[in-house]
Amino acid sequence: MSAPATTTALRVTGLTAGYGPVTALDGVDVHAEPGRITAVLGANGAGKTTLLRTVSGLVPARAGSVHAGDVDLTGAAPEKIARAGIAHVPEGRGVITELTVEENLRLGALLGKARGRTDTAIDDVYEMFPPLAERRRRDAHTLSGGERQMLVIGRALACGPDVLLLDEPSLGLAPRVVAQIFELLRERVEGSRLAVLLVEQNARSALSVADEGVVLNVGRVVASAPAAELAADDALRHAYLGF
Amino acid sequence: MATPVRPTEKAGSAPRSGREPGRWAALAARLRPRATFARHALLALVALVVVVLLLELTGPFRNSQFATMSYYAIAAAGLTVLTGLNGQISLGHGALMAVGAYTAGLLLPAGIPLLVMLVIAAGITAVVGVIVGAAASRLKGPYLAGATLAFAVALPGLAIHFDEALGGEQGLAVPSPRAPGWFADAVYFLSANETSSAKFLAYVGWTVAIVAFLLLANLAASRIGRIWRAVRDDEVAAELAGIRLSRVRVLAFTVSAACAGLAGGVLGVVVRLAAPTGFTIVLSISLLTAVVLGGLGSLFGAVLGSALLVFLPPAVTNLGASAGLTDVQSAQLAPFVYGAVLILVILLAPGGVVGTVRARWHARTTAPAEAPEERTGRS
Amino acid sequence: GCGAGGRPDSGSGGGQSEGSTVGITADSIKVGSHFPLTGVAAPGYSEIPTGTKAYFDWVNANGGVNGRKIDYVFRDDAYNPTQTSQVVNELVLQDQVFAILGGLGTPTHGAVVDFLNTEGVPDLFVSSGSLLWDQPQKHPMTFGWQPDYEVEAKILADHVAKTFPQARVGLFLQNDDVGTDAERGIRRYLDKQIVSVQRYTPGNTDIGPQMSALQAANADLVIGFNVPSYTALTQLQGLKLNYKPQWVYSNIGADPVLVGSLLGRFSQGQITDSSLLNGIITDEYLPRADNPADPWTAQFDAIWKAHGDGGPLTNFRIFGMSQGYAFVQALLAAGPNPTRQGLVDAVEKGGTQFQGPWAAPYRFTADKHSGMSGVKVVQVTGQTTKALTPVRTTSNGDAPIQDETGGETPVPPNGIPTNPGA
Amino acid sequence: MTAPPADPAPASGSPATGGDVLFAVDEVSVRFGGLVALDQVSLAVPPRGVHGVIGPNGAGKTTLFNVCCGFVRPDSGNLRWHGTPLRRLHPHQLAGMGIARTLQGVGLFRGLTVAENVMVGADRHRRAGFLSGLLALRRSDRDERALRERALAALDELGAAHHADQLPGSLPYPVQKRVALARALVAEPEMLLLDEPASGLGGDEMDELGALLRGLADRMAVVLVEHHMDLVMSVCDRITVLDFGKVVAEGPPDAVRDDPAVVAAYLGEEAHR
Amino acid sequence: MLQFVNTLLTGLGQGAVYAAFALALVLIWRSTRVVNFAQGAMAAFTTYLALLVVESTGSWWVGLLVALASGLVLGAGVERVVVRRVGPHNELGAVIVTLGLFVALQALASILFSAQFRSFPAPAGLEGFPIGDVTIALTPSMLITIGAVAVVLLGLVALFRFTDVGLRMRASAFDGEVARLLGVPVGRMLTLGWALAALVGSLAGVLIASGSLVWPAYMDTVIVNGFVAAVLGGLDSPGGAVVGGLAMGVILALVTGYVGADLVPLAALAVLVAVLLVRPQGLFARTAARRV
Ligand SMILES: Nc1ncnc2c1ncn2[C@@H]1O[C@H](COP(=O)(O)OP(=O)(O)OP(=O)(O)O)[C@@H](O)[C@H]1O
Ligand SMILES: Nc1ncnc2c1ncn2[C@@H]1O[C@H](COP(=O)(O)OP(=O)(O)OP(=O)(O)O)[C@@H](O)[C@H]1O
Ligand SMILES: [Mg+2]
Ligand SMILES: [Mg+2]
């Protein structure tokens, strides 16, 4: 099972996708390496969310391919992609509000590697986000916005994925929790085979935690470089990243 | 009467983004009267002309089918306002029609004139609508469907229980009004045709329908219609905008009940009877399907849907008979085909007839837009 | 009207002219009807028009009526008056039928009776025992057919009062005109003996509570005016409660073949034959399908074998054939060139003389349009019935009950009537 | 809880700490089952200026808004508006009183055009009733035109007027947020409650929002719940900090930022460079 | 007294039947968020198949098995072929499609099996148990019905509360997209939900028919009362369905026995409205959802 650490965990080539007449992604190349965090940046409407949704099969690709390791996942159903080890934290409303907190987590833990040790996987999440532990028997609709976000991130981690797609994980979270999550991500990624694709509005903090960065503009990749390099490029920052 | 309830561009609004709307559309926009009333009245006039042409050019049997269609159309129009604009499902509109029909059965023999009776029927049913609507205003989805279903099943039972006044199972006979002399003369003057009773009833039905449609179109285009749609789309946001949900829901139910009552009154005189077996749950279901088949939320769709209700079953039966089936088999074929058509329309044209045509039209004229599905929101 | 548009002043009132021959050609005559062919009322009733059709096919195969073939069209109204009104409009205005024959149901036919009369369409032999059809002033074109429920109830109740003077009587009634008309007739003879009246709503098959109530009232004789399926249900419920009164069912509910076959199938439920029905009292006015010894039944069986749709001959079908027989008879009486009005006149003039498979004569005259005047009371024994009384006749209200003296009508050659007037 | 000593000096000259109070929350408590969402929370909102409410996730900020709007009935405590107590408050009464609120999501009416969305917000200024709508009287048309003009003006102010006849679902997210704001503003409220208005916005849009809020603060009271500290610190005149349903700090931005309790509970060491 | 007991018992028997039907509705609602108005017609269809088998083999139990198996297949087929193609978030579309199925299947049943009454044998005795010298309205067949309802109830509770499949089914129903992101084969779960619900529905169909008459529309009253029972109990709660069904059965029996049969539908409406006015989500619904 253990793939050589050099294999690219996720390789997206020439991906094109859209909605009706709108082309939201236009020939995008992105890859995520094990043990590294890749930040996907860009203004509102640049196509970041569409990229993640196309990778996980929610939006059909019109051209291009998606590979996880050597497995071709282009055009596969979302559940199949999820079972191939790609976990997606969707933007906003990712909790199943009618289920309890624990049931939401159990769904995550049931997927893939965590099978057989669902309880420990769930306990790990509670340890990460103590507010969830206190609310484990409550229906998820009673949670506050930030608590829901914690739940979705925790659930994705409980899946024990190879590739983690995070769509604006900081949305609605208190600054301290954001810092904590980024820290945690670094810990998880460091020296493991987990690859992270991190979409963030806040380019500055995303680049501070990421290894690589990709900048999208109107559906196209305009820059792709190590994070530090991007952060240092003033022209790029002003043009696309707004800081 | 082709009055879509959907938001139409108001005259003098900022130009729609996207491609040029085309020369014809521009011309139409220029010719369109500014005042809502004038615009709708014009359409009503056109509709009236169409009705006269149809009724004068077809025979007595078609006339009688048009009379039947008129009351389905009125009730479906009321329901489309409730369901399409306000988002409430009702499986109980058949029972509300019964209220109108029984009003006809009680008032006409007492010598009340037809028009007065219709107004009273609408009024009484509106009152029933207030009560039902108030009880239903907190219910949603299947709970609303269940409550209105129980209402539809229960109400005819009243007629059996109070059989002294309401005629029990065999119902109340409704004296069918005859065409007044001046009316028959006028028709003869226009078309040199005699006025059969079927034709007169069809004229009555469609006149009532056009008036009802005119009023509903007015409402839909006014702030009331906008508020109904707002409540349908997002309760919480509507409430924060100062809208009292329960009152708005009850109002929608009441308006739609009044239409059902009006339709019931027309049904009474067309069928000449108000009996419990005429108002089974099947009627309520037919109305709902008419609304959806035509195109939810569109008054013109209500007309199309009711046309399907009236013209499809006999057509299927006759087709079956000419294909060599026995009378019993071809009669059984009609509901089968009807059910199959329902399923196929939803699967192939989920917007109903009007919705699908409109989508095609949009796809051709303006920059095509995906169905207005919400983007992944953030909570 | 003064004719605003120079309109010719034709009789804008009545609409029908005296000699209307709509629906008749030199070699055909079109007849229409409405029945519940689908929906809740379809079981049983949908068989009636198949019988009529088979009979007409037989008549047509034998040369028709005065050289005219009968073209019989029946349409489905699903027992819903609004649909009845639509299909009858279609029959009259589109198909241009000459007459309507045997339209079924009280509320359903009630919706079209006005229309048929204003259009001047003969509306013969309505399949319903309601008293509504007997209003010659208001509805000159409409005629009943079967003994009305009141007449039937009177004759049954009279028999019960004489045979079971001590009985505590319970009533089990359908909650519509069947029940109300019947109750009126029954109370004329049994008013003091009635201990409980229970009603049921067709469609609701849970009649346990009503049966418990009858049992609790210690009713030891129950008169049921109900449809056949409820006869089966009352018997099953009686079994459950171990409640075994003497049952008296009206003709519509007591079809021993049908009910027996319904009950007979409960093999695991320990009912192995229709013995439950053994001993019940009912009445008859038509030959029964399970009585091949009856020459009428034999004739109808032959007709059904020749022109039926393959199913068994049932009492519903005999009902329909008998209506067809009566219609042919009326048509013959109306002469070689019948008009709509002529048909009605012929029924009014000769109706009391019409003879056929029915047991008691019609009451048709110019001022009475009620159907048959009587029935005979019978008891089910094993697979058949035995007569308890001769055919007895009466009429509505306080008309006395008399024994019918006419005797049985022989089957004419081929089972096709000859002109009764000739 | 005792509020930490806060510097009473008004921030950047706006009348944040003027003597009069537009809206007051007095010792409000809310419990959900065993969970105490708000615990004796008090808040005083002056007629002008931006009042921030911050705190960790689940601290009770949205619940506080819900109490102010009548979605949640407090177990104890009072609300006062212009000094008069509010009893049995219902959400639909707010608009009429002059209170507007945006939702944590977007909350636009999907089936209504942008202009119509905003016109619903302007319904408070309607003149025509049911009958004139039913009969399409001139009055109704005039009213519609007036509402539409108001709506377009509000959209114009937020730079979204050119989207007036589009359906909101097809618009970019920041535009949708602006439409939602326009719908709240068109009612001309005296107090505006904003629940995380900046979430999902990019850096530029956030700056624009900040400028806009400062502008609004001159004509109404703005209460802002937000997790973006840059925005909060730059626009707020005063900040209340909630934690576990309690007020743990209250004061001008600088004082709150340096409050060790706030740092520990909310900001985190790193963010507090 | 005996009348009261017997009325109560028939009410319970009838209530068990409503409960069985309501359970099928709850199952489908919980697992697909659709109210299946075609449930009754589907059950009638499978009951006819069972009747054919019973008539040819003579065994009620074999007939039941056939009904259950064909229900499973029919439910899965209907979901795959029809329901799945209704777009998501098209609540009304789903309602109309199931209504269309209802109409079409009922018509098909009368075409295939004729519109006439037929009797359906009972699994066991139809005679009430004697107690002393009276007979109470409780029969061995009724006991089987009540037992079957109890088994189904327990099965459903166990399925949804304790099994992973149950959790996945609920997740698929509530939010298909998120469920798919979590690797749940949503399509298969929805098919499974329909199949199981149709199985329970067929069971209800056979139980209702047993010892009584069958015709294409024989389920109609049960459809209405079963739906009302499910709504009464709260569509999400199997326990609620059973309580609602039994309550409906008993109340309606009492009204029939002591007030009048024509008031039965009114009584059903009154009970439903009374309950929903106080609890708009039914008796056993969880607390109302947080709205903001
Ligand atoms: N469901 C949809 N229907 C139509 N167009 C859409 C839909 N979702 C997104 N779009 C359009 O696709 C483009 C890319 O959107 P996307 O959501 O991927 O951007 P994003 O970079 O994630 O933006 P944000 O920062 O706002 O989340 C935008 O122009 C957007 O308007
Ligand atoms: N209806 C409810 N039922 C049960 N618990 C609730 C309900 N509403 C809120 N809560 C709980 O109350 C607490 C406060 O919630 P609230 O939404 O006010 O938090 P918040 O401060 O807005 O947090 P965030 O910043 O994450 O949006 C949370 O723990 C939440 O789980
Ligand atoms: Mg995005
Ligand atoms: Mg919040």
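These legends walk through a few close-up views of a predicted model.

**View 1. Two stacked rings in chain C.**
Here we look at Phe172(C) and Tyr200(C), one of the 32 aromatic pairs over all chains. Their ring centres sit 5.1 Å apart and their planes meet at 15°; planes under 30 degrees apart count as stacked, so this pair is stacked. Phe172(C) belongs to strand β5 (residues 169–174) of chain C, while Tyr200(C) belongs to strand β6 (residues 194–200) of chain C, so the pair ties together parts that are 28 residues apart in sequence.

**View 2. An edge-to-face pair in chain E.**
Now for Phe117(E) and Trp215(E), an aromatic pair with 5.1 Å from centre to centre. The planes stand at 70° to each other, and the pair is edge-to-face. Where do the two residues come from? Phe117(E) sits in the loop between α4 (91–113) and β1 (118–120) of chain E, and Trp215(E) sits in the loop between β4 (212–214) and α9 (220–233) of chain E. That puts them 98 residues apart, and the pair links distant parts of the chain. Both Phe117(E) and Trp215(E) are buried.

**View 3. Arginines over ring faces in chains D and E.**
In chain D, take a look at Arg183(D), which lies over the face of Phe109(D), 4.7 Å from the ring centre. Over in chain E, Arg30(E) lies over the face of Phe160(E), at 4.6 Å from the ring centre.

**View 4. Where chain B meets chain D.**
This view takes in the contact between the two chains, with 41 residues from chain B and 47 residues from chain D. Together they bury about 3800 Å², and 59% of that is on carbon and sulfur atoms. How many salt bridges are there between chain B and chain D? The count is 3, and one of them joins the side chains of Arg229(B) and Glu116(D) at 3.0 Å, N to O. There are also 8 residue pairs in polar contact between chain B and chain D. On the side of chain B that touches chain D, at least two residues each come from α2 (36–57), α9 (197–221), α10 (223–233), α11 (235–240) and α12 (245–271) of chain B. Which of these helices gives the largest share? That's α10(B), with 8 residues.

Methods:
Residues numbered from 1 in each chain as written. Chains lettered and ligands numbered in written order. Predicted model: local features only at pLDDT ≥ 70, side-chain atom pairs only at ≥ 80, totals over all residues. Heavy atoms only, no water. Phe/Tyr/Trp six-rings, centres within 6.5 Å; stacked < 30°, edge-to-face > 60°. Helix = DSSP H or I, 4+ residues; strand = E, 2+ residues; numbered from the N terminus. Buried < 20%, exposed > 50% of the residue type's maximum accessible area, 1.4 Å probe, protein only. Lys NZ or Arg CZ within 6 Å of the ring centre and 35° of its normal. Contact = heavy atoms within 4.5 Å. Buried area = accessible area lost by both parts, 1.4 Å probe. Salt bridge = Lys/Arg side-chain N within 4 Å of Asp/Glu carboxyl O. Polar contact = N/O pair within 3.5 Å; in protein donor to acceptor, adjacent residues only side chain to side chain.
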